[in-house]
Amino acid sequence: MGTWLIYALLSAFTAALVAIFGKIGLQNLDANTATAIRAVIMALFLVGVVVVQGKLNLVSEVLANRKALLFIVLSGVAGALSWLFYFLAIRNGNVSQVAPIDKLSVVFAVILAVILFGEKISFMAAGGVALITAGALMVALG
C-alpha cells in the first residue's frame with residue numbers, strides 16, 4: 001500500500017470527524033461564526049506544524065512567487081467558501097445526507113482536471129466517477 005493511500009484514508013477519516021464534531025458543535029450556534037473560529041484554530045495548528053518541522057523560513061519563498069501565491073489565495077478562498085457552505089448544510093440538514101453530496105467534489109475535481117489540465121481518464125475511471133455520482137445521490141436522497 002502506497003503512502004499516498006494511507007494519507008488519503010487518514011484524510012477521509014478525519015474529514016468524517018469534521019462532520020461529526022461540527023454537527024455536535026453547531027447546535028444553537030451560527031454556522032459562519034463557528035466556521036471562522038474553526039479556521040483560526042486550523043491556522044494556528046498548521047503554523048505550529050510548520051514551526052515544528054522547521055520550515056517557517058519557507059514562507060518567504062511562497063510569498064515571493066506571485067503566481068503560486070495567487071493560486072494559493074484562490075484555493076484558500078475556495079476552501080473557506082466550501083467550509084462555510086458545508087457547515088451551513090450540516091447545521092440545517094443530516095450529516096448522512098450532506099456528506100455524500102459533499103463528496104461530489106471528487107466528480108467535479110475529475111471533470112475540471114480533464115478540462116483544465118487535459119488529464120486523461122480511462123473508461124474504467126469514468127465508470128468509477130459515474131458510480132461515485134450515483135452512489136452519492138443514492139445515499140443522500142434514497
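Tryptophan 83 and tyrosine 86 are three residues apart in helix H4 (residues 66–92), so about one helical turn separates them. The model shown in these views is predicted.

**View 1. Tryptophan 83 and tyrosine 86 form an edge-to-face pair.** The structure holds two aromatic pairs. In the pair of tryptophan 83 and tyrosine 86, the ring centres are 5.1 Å apart and the planes stand at 80°, so the arrangement is edge-to-face; the angle cut-off for this class is over 60 degrees. Tyrosine 86 is buried, with a relative accessible area of 7%. Tryptophan 83 has a relative accessibility of 25% and therefore counts as partly exposed, given that buried means under 20%.

**View 2. Tryptophan 83 also pairs edge-to-face with phenylalanine 87.** The centres of these two rings, tryptophan 83 and phenylalanine 87, lie 6.2 Å apart, and their planes meet at 90°. The distance falls within the 6.5 Å cut-off for a pair. Tryptophan 83 and phenylalanine 87 are four residues apart in helix H4, so the separation is again about one helical turn. Phenylalanine 87 has 5% relative accessibility and is therefore classed as buried.

**View 3. Trp83, Tyr86 and Phe87 make up one aromatic cluster.** Tryptophan 83 takes part in an edge-to-face pair with tyrosine 86 and in another with phenylalanine 87.

**View 4. Arginine 38 lies over the face of tryptophan 83.** The distance from arginine 38 to the ring centre of tryptophan 83 is 4.0 Å. The ring of tryptophan 83 belongs to the aromatic cluster with Tyr86 and Phe87.

**View 5. Asparagine 65 is placed in the loop between helices H3 (59–64) and H4.** With 39% relative accessibility, asparagine 65 counts as partly exposed. Asparagine 65 and methionine 138 are 73 residues apart in sequence, and their C-alpha atoms are 44 Å apart in space.

**View 6. Residues 3–140 carry the UniProt annotation "domain: EamA".** The annotation comes from an unreviewed UniProt entry. Over residues 3–140 the chain is 85% helix and 0% strand. The end C-alpha atoms of residues 3–140 are 31 Å apart.

How values were computed: Residues are numbered from 1 along each chain as its sequence is written. This is a predicted model: local features need pLDDT of at least 70, side-chain atom pairs count only at pLDDT 80 or more; totals for chains, interfaces and linings use all residues. Side-chain values use heavy atoms; hydrogens and water are left out. UniProt positions are given in the numbering used here, feature names are shortened, and annotations may be inferred rather than shown by experiment. Helices (H or I, at least four residues) and strands (E, at least two) are DSSP runs, numbered from the N terminus. Rings of Phe, Tyr and Trp (its six-membered ring) pair if their centres lie within 6.5 Å; planes under 30 degrees apart count as stacked, over 60 as edge-to-face and the rest as tilted. Buried means under 20% relative accessible area, exposed over 50%, partly exposed in between (1.4 Å probe, protein chains only). A charge sits over a ring if NZ of Lys or CZ of Arg is within 6 Å of the ring centre and within 35 degrees of the ring normal.
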